[in-house]
Amino acid sequence: MRARRRERRLIPPFGDGSSPHGIFRLLGSALAKCRFAPFPNRGWVDGETYTLNPLEVNTPLEPRLDIVVDGIEDLTDRLGVSGGDLSVGVSVRSRHLKRYDALEQWRIDALPAEPWSPSPNKLGHLQSGRGIDFIVAIRVSRNSTRLARLGLELGKVLCRREFSIRESVDTSTFPFEWVEFGGDSEYPRELLWAIRWNDSADDEDRFSRPVHEVLTVLVNKRAERSLTDMGAVRSAGDLAWKMLAAEITTQIWSDVLANIEEEPNEDDTETLAGQVFAHLSRASGKPYAEIEGLADQDDSLAELRALIAKILRVVA
Amino acid sequence: MRGKTLTNEVARLAVTERRQGRAYKVLDSSVGNVGEGEFWDESKAERAAVKLRALKSGLPEVGKILKGNIFDKDACRIVHETLALPPNLAASEGFWRWLAVEKFGDIIEFRNGDLSGSGPPAHLANYGIDTRAEYNRLAILWFRADMAYDGDSDDPYHLAARLSSTDFWESGVIRPRYGWCRNLARELVRFQYRDPYSSTVKNYLHLTNENGIRELYKRLRRLHSTVSFEYMSDEEIRDMLEEKSSDLRRS
């Protein structure tokens, strides 16, 4: 039902006296079976929107589209045109780069039998790590007397479906991996996430290194699908991701604050400690000398949690 | 590639303090990052700023609006060519804000403040503060060059460099979605500014009359909801622009 709701039926009332209702019905479901996936190792997205998880923000998109048009013969018969008069095109739109580019088009009766991926060359200049939309559209591709009489001139879109990739609202502040827990893994099967502190981070000034040298956050691969699905629920506003990010961030930052030997310099933005202090100082308005105390005020870490929630905008 | 970013709060504080004549330095701890890997080479911004200052000092003594338009036609090329931005930075509002505040503050004030220096300062939106990147003056210049870029020409910036009104670029090309179709953006420039060598701003359709080019923007916006411009040839777009504007008021 959701797929049908987002389709656009743009055909105007016919000017030759013929009823457009049959065509409307055909166009209403013509693209319903189209599917897309943002990366080769991902399954088809359920619905039209995929929200990038924090790990994927800096990963180049390699989308696949399964382009299926239902009722082609019915459609061309009712419109009185041949397959060459209509085409199916895939376009890409980037709001942040202000681009609306054609990627590929086919005659409506010569669509690829297999899922199709755009050439990396055609997407290179659009790999911004931000939101992007792929638009599949059936359009008039040739001037035809019959179509002109129906008010369908060249270029007119009959029906389209949009697939959107949305950026995660808050990008990760830590390296992140999906991992199989249980089995031979040192982590229990039921665990949702764990922090793997790197060996090189045992020394005293371990927090005075860039975060990717200090730790990796591991998240249970079994939860990937659920988290991704929850991220795709528009009304949920990425709450699942934000809650997970807030929980992990609280653990890491409280460890830093509880164990740090010496507070970082205020111009230090490269190291884990520098970033933790900078974020918290900015969010709380407190000087660096008071930041360390956030970890030992009480067991609940309520103030630290509130600041992290503010930084990650957990509650809109 | 990684780039520096500024939040609205930090950018606002920096601009406000500097306007009071204080030598305000943004702390490194207040500067954020976008992207990953190597940092974008900041010397590109410094080189662009030097070129823009030279351009500014060589402008003719003409009225404020014309002076701004003359500046923009060459400034957009300098910004686009010299900064050579990767897509992830060009798409970042925070990066544009950092560039405007930290590297091009004098240029923003020159272009959007009172050009004589005695009037009101530039609006904070011209730095991209509390607004989208498309209101950031530097981003406007970059998008102008990017959207009218003609890769098939010996001079890919020849369309962006036509002497033209910034209102045309902002309201007619950069903000509306139809303008994001690069083929339409290029043809719209050719349509509205027909003389590539004009030394005055020669609008084909009237720029401010309600039956001038503003009406064409509305028609294109409506048409774009049912027509995919991105698949049309240059010739088809030219024909469409002529047809949709045949009854509109010319300058």
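With 14 C-beta neighbours inside 10 Å, Asn198(A) counts as partly exposed, a residue being buried if 20 or more other C-beta atoms, placed from the backbone, lie within 10 Å of its own, exposed if 12 or fewer, and partly exposed in between. The structure is a predicted model, in which local features need pLDDT of at least 70 and side-chain atom pairs count only at pLDDT 80 or more, while totals for chains, interfaces and linings use all residues. Residues are numbered from 1 along each chain as its sequence is written, and chains are lettered from A and ligands numbered from 1 in the order in which they are written.

Asn198(A) is placed in the loop between strand 10 (193–197) and helix 6 (211–214) of chain A, where helices (H or I, at least four residues) and strands (E, at least two) are DSSP runs numbered from the N terminus. Leaving aside neighbours within four places in sequence, Asn198(A) is in contact with Glu213(A), Val214(A) and Leu215(A), two residues being in contact if their C-beta atoms, placed from the backbone, lie within 7 Å. The C-alpha atom of Asn198(A) is separated by 53 Å from that of Ala110(A), the two residues being 88 residues apart along the chain. Chain A as a whole has eleven helices and eleven strands, and 36% of its 316 residues count as buried. Among the contacts in chain A with a separation of 6 or more, 69% are accounted for by residues 24 or more positions apart.

The contact between the two chains takes 32 residues from chain A and 24 residues from chain B. On the side of chain B that touches chain A, helix 4 (87–90) and helix 7 (137–147) of chain B each supply at least two residues, and the largest share, three residues, comes from helix 4 of chain B. This side of chain B divides into 13 nonpolar, six polar and five charged residues, with Ala, Val, Leu, Ile, Met, Phe, Trp, Tyr, Cys and Pro counted as nonpolar, Asp, Glu, Lys and Arg as charged, and the others, Gly among them, as polar.

Chain B is divided into domain 1 (1–161) and domain 2 (162–251), the bounds coming from an automatic or database domain assignment. The C-alpha centres of domain 1 and domain 2 of chain B lie 25 Å apart, and 16 residues of domain 1 of chain B are in contact with 18 residues of domain 2 of chain B. Helix 3 and helix 7 of chain B each supply at least two residues of the side of domain 1 that touches domain 2, with helix 3 of chain B giving the most, six residues. The residues on this side of domain 1 of chain B comprise eight nonpolar, three polar and five charged.

Within helix 3 (residues 64–83) of chain B is found Arg77(B), which counts as buried with 22 C-beta neighbours inside 10 Å. Beyond neighbours within four places in sequence, Arg77(B) is in contact with Ala145(B), Tyr157(B), Ala160(B) and Ala161(B); the C-alpha atoms of Arg77(B) and Ala145(B), 68 residues apart along the chain, are separated by 5.9 Å. In helix 6 (residues 105–112) of chain B, the residues Ile107(B), Ile108(B), Glu109(B), Phe110(B) and Arg111(B) are buried, and what covers the buried residues of this helix includes helix 2 (43–57), helix 3, helix 5 (93–102) and helix 7 of chain B.

Two packed helices are described by the angle between their axes and the distance between the axes. Helix 7 and helix 8 (residues 166–174) of chain B pack at an angle of about 60°, with their axes 11 Å apart, axes being lines fitted to C-alpha atoms, for helices over the stretch in contact, and angles running from 0 to 180 degrees between N-to-C directions. The crossing of helix 7 and helix 8 of chain B is left-handed, a crossing being left-handed if the near helix is turned anticlockwise from the far one by less than a right angle, and right-handed if clockwise. Ile140(B), Phe143(B), Arg144(B) and Met147(B) in helix 7 of chain B meet Trp169(B), Glu170(B), Val173(B) and Ile174(B) in helix 8 of chain B, a contact that divides into six nonpolar, no polar and two charged residues.
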